[in-house]
Amino acid sequence: MTEHSLLRRFTPHLYLWIAIFILVFPLWLVFVASTRTSMEILAAPMPLTPGPHFLENYKAAIMQGNKNLGASALMMLKNSLIMALGISTGKILISLLAAFAIVFFNFKLRSFCFWSIFVTLMLPVEVRIMPTYKVISDLGMLNSYSGLILPMVVSATAVFLFRQYFMTIPREMAEASQIDGASSVQFFWHVLLPMTRTPIAAMFVIQFIYGWNQYLWPLLITTKQSFYTILIGINRMLSGADVVIEWQIVMATTLLAMIPPAFVVIVMQKQFISGMTDREK
Amino acid sequence: MSNQYEFKSRLLPYLLVLPQMVIVVVFFFWPSAQAIWQSFFLQDPFGGRLIFVGIDNYLKLFFDPSSSYVDSFQVSIIFALAVTSLSMCLSLFLAVQVNRKMKLSTFYKTMLIWPYAVATMVAGVLWLFMFNPNVGVIAWLLKHQLGIEWQHLLNTNQALLLITMAASWKQISYNFVFFLAGLQSVPADLVEAAAIDGAGPVRRFWTIVFPLLSPTTFYLLVMNLVYGFFETFPIVHQVTAGGPGKSTSILVYKVWRDGVINLDLGGSSAQSVILMILVIGLTVIQFRFIERRVNY
């Protein structure tokens, strides 16, 4: 670069460290609180260094959860995982099929299908809360995994991304595979899918996080503890007004809730960034 | 689509799009149509009898002061604009800092990106924990060091400030990823040429880099407004529950509350329809813009 003075080289680092502090400090507090006792947290100000109760608190959170909640973190993590995996794989699967049909086949309702899927972009859950709830309840899907997953698996963005990608594949490949005697299904399975690995991985990262972090929908349709996702559990633990909140358990659960998506983002950072920024194009 | 080789099959393509289409119709089109339909009716909460009331539900929202819909609109706009400007400015600033040859740049990127994984609801919990009047560390500091009594459940401004900070905090990494990608695509020789011509770093940024970033900035502007308006429900639900009073009851929170808690089906449906129009508007703006950029 063009600047050489020491100060100019140093200041960006300073700004970045301040930013990192602001981003990490809340997390540190959560961690500290999860290693302390309820008494220590309530005796304001709470200490800013970890205490000795790490194992005890996490064991309590994972095995039993908050006293008044009736759901352990282990069970809620399982529910969140099922929901996140169900939503992400479901989205990818049906979007791949739809994009394959739209790009490689000529059928009457092709553009109708494409536009129908496209329009869902404009209908997020937030704008159709009550009627969607009613559909789920009419179908008997309240408090069920299918109720948590199915309404979320349509993805205009995934269909777009795969369609875009399929369109860059030279048409000669499809032609050649058919001359070699492969059916369209074989072409999809043996040629197209292996080629699409990178966009699929990118989509998976984004949709897994999307699925894991769903809040409004599970809030609406889970009333039984056994179907609480971890985020709903945290909300319920904090909303008991009369009872003293067990902060150390809540904070341990909060940290546990952050680990899976953070892990995915950090490990698959490259795919994640390309998946996000490609969407814009 | 026409330059693609096409397989010949009558039935197969329909089978392939079937799963997607079934879900689109059952969980998107049908409920949306229901919302529009119900917005013209008043439902008696006990018998479930529907009474046609025309556009009364809409009129009530805008002209009946007890519905406080106009207030909700106002606070949503303030909130969305505050979140958008705060998080976009910070992210752009940070992306500029990282976008140079420097030590630790990979580490910095990772540290700035991870909050993307934090659920909006969890962001609310994190900030709630810092500012909780009884146990919050920051609340304690404010009170004992600066003499500021932090009571976001009683103080309207503090409530709005708290949800704005939490929502912006969560959105920084999203914006950061896009700004950094945008900055990396700015041609380096252009910037260097300006430097040789004697333009200082600040001038170089505003006259060369920033204009070249405008597609990214515009895209993020729309996405952040969408986030501020529609995706911040978890923060409001968790941190303030729309309070104190109804002062932080943003549109998505209100539609949920009126529908699920107050069981006002007609009013909630009318709000849904208004929100739909808002989303459609924002999406159209976005695609208009993308189209233009393709030609450009």
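Which of the elements of chain A has the lowest mean pLDDT, and which the highest? Keep in mind that this is a predicted model, and a glance at confidence is a handy way in. The lowest mean, 72, belongs to helix α15 (residues 269-280) of chain A, while helix α4 (residues 73-104) of chain A has the highest, at 92. Chain A as a whole averages a pLDDT of 85, and 96% of its residues score at least 70.

Now for how the two chains meet. Chain A puts 106 residues into the contact and chain B puts in 92 residues. Together they bury about 9400 Å², with carbon and sulfur atoms giving 78% of that area. On chain A's side of the contact, helix α1 (residues 6-33) of chain A supplies the largest share, 17 residues. Sort the residues on that side by type and you get 81 nonpolar, 15 polar and 10 charged.

What about specific pairings across the contact? There are zero salt bridges between chain A and chain B. Polar contacts do turn up, though: 10 residue pairs between the two chains, with both partners at pLDDT 80 or more.

Finally, zoom in on one spot in chain B. Ser39(B) sits in the loop between α1 (12-38) and β1 (41-43) of chain B. Ser39(B) counts as buried because its relative accessible area is 0%, and the cut-off for buried is under 20%. Leaving out residues up to four places away in sequence, Ser39(B) touches Gly54(B), Asn57(B), Tyr58(B), Gly266(B), Ser269(B), Ala270(B) and Val273(B).

Technical notes: Residues numbered from 1 in each chain as written. Chains lettered and ligands numbered in written order. Predicted model: local features only at pLDDT ≥ 70, side-chain atom pairs only at ≥ 80, totals over all residues. Heavy atoms only, no water. Contact = heavy atoms within 4.5 Å. Buried area = accessible area lost by both parts, 1.4 Å probe. Salt bridge = Lys/Arg side-chain N within 4 Å of Asp/Glu carboxyl O. Polar contact = N/O pair within 3.5 Å; in protein donor to acceptor, adjacent residues only side chain to side chain. Helix = DSSP H or I, 4+ residues; strand = E, 2+ residues; numbered from the N terminus. Nonpolar A, V, L, I, M, F, W, Y, C, P; charged D, E, K, R; others polar. Buried < 20%, exposed > 50% of the residue type's maximum accessible area, 1.4 Å probe, protein only. pLDDT = per-residue confidence, 0-100.
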